[in-house]
Amino acid sequence: MRDFRVGFGHLVKGQRWVARHGRSYGLGLLPGLVTLVLYLAALTSLALWGTDLTEWATPFADDWSSPWRGLFRGFLTAVLFALALMLSVLTFTAVTLLVGQPFYEKLSERVDRSESPDGTAPESNLPLLRELWISARDSLRILLRAGLWGVLLFACGFVPVVGQTAVPVAGVLVTGFFLTEELTSIALQRRGVELRERLALLRSHKRLIWGFGAPLAVCFMVPFVAVFLMPGAVAGATLLVRTLRGEDQNDAENESWDRYGPPADGPYQGPNQGQYQGS
């Protein structure tokens, strides 16, 4: 649970950071607003014409007697909309980060500079188009993974008892993990960390990642909330990366978390590893 609290603490610190830097916060809102408009338009279209789509996809039900035809197609329409809503939660962060890559890159750099003792931040030194290509490619790979998990969990939701208890919890944890991967990719990509290494790093600290991502996943289920939390989430993810890579041991704001933080000479090992020099 201590790892979970530390992860959640980074999420809170990220929101506090943007609250103290109003200009960065305003800049970080723009991509989320653009993406929200696009998603609302897509979901509204699905709500208006979802029934027509279901009818077109199920011509075999045309000869069914009432009320079975209506019930069957109504059920499929509801399932289609629920699946679209779930995928929108899973993909909102990836699309927003892709749309706002330059904005969030600058925001992440500012967080790094403000937390670094010498005021510097890691730089990828890659051309913007190259960074956009890498970001889009990696996001697509993550979305495919997240989509497979989403379909699997959605199917498990129809299992009695398990579908109403374990599946919602697992869904939040899975969504939180992939949200955190997308958010930390900005800072990790600037550090030259490839996707496979990023996933291995996050998997080795699941409780820390869930502490950051699970509460965010719950909040992101409300699109308007996602827009306003996105700048702070990017800032918090940058702080989380600094912890995972052992870069924040000189941050005075982390003194209250010293016994949970990274060792002075290496990456974060977790509260029970006993490797922090002050323990």
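**Inside the fold**

Author: Start with Leu216: its relative accessible area is 1%, so Leu216 is buried. Buried means under 20% relative accessible area, exposed over 50%, partly exposed in between (1.4 Å probe, protein chains only). This is a predicted model, where local features need pLDDT of at least 70, side-chain atom pairs count only at pLDDT 80 or more, and totals for chains, interfaces and linings use all residues. Residues are numbered from 1 along each chain as its sequence is written, and side-chain values use heavy atoms, with hydrogens and water left out.

Reader: Which helix does Leu216 lie in?

Author: Leu216 lies in helix α8. Helices (H or I, at least four residues) and strands (E, at least two) are DSSP runs, numbered from the N terminus.

Reader: And what is Leu216 in contact with, leaving aside neighbours within four places in sequence?

Author: Leu11, Leu179, Leu183, Leu229 and Ala233 are in contact with Leu216. Contact means heavy atoms within 4.5 Å. Leu216 and Ala233 are 8.0 Å apart, C-alpha to C-alpha, and 17 residues apart in sequence.

Reader: Where does α8 bend?

Author: At Phe212, by about 25°. Pro215, a proline, follows within four residues. The bend is the angle between axes fitted to the seven residues ending at a residue and the seven starting there.

Reader: What span should α8 have, and how far apart are its end C-alpha atoms?

Author: Helix α8 (residues 206-220) has 15 residues, so at 1.5 Å a residue it should span 21 Å; the end C-alpha atoms are 20 Å apart, which agrees. The expected span is 1.5 Å times one less than the number of residues.

Reader: Which residues of α8 are buried?

Author: Leu208, Ile209, Gly211, Phe212, Gly213, Ala214, Pro215, Leu216, Ala217 and Phe220.

Reader: Switching to α4. How far does it reach?

Author: Helix α4 (residues 101-115) reaches 21 Å from its first C-alpha to its last, close to the 21 Å expected for its 15 residues. Its buried residues include Tyr104, Leu107, Val111, Glu105 and Asp112.

Reader: Now Arg198. Buried or exposed?

Author: Arg198 counts as buried because its relative accessibility is 3%. Its place is in helix α7 (residues 195-203).

Reader: Which backbone oxygen does the Arg198 side chain reach?

Author: That of Val193, at 3.3 Å. A polar contact is a pair of N or O atoms within 3.5 Å; within protein, one must be able to donate a hydrogen and the other to accept it, and residues adjacent in sequence count only if both atoms are side-chain atoms. Beyond neighbours within four places in sequence, Arg198 is in contact with Asp138, Glu181, Ser185, Leu188 and Val193.
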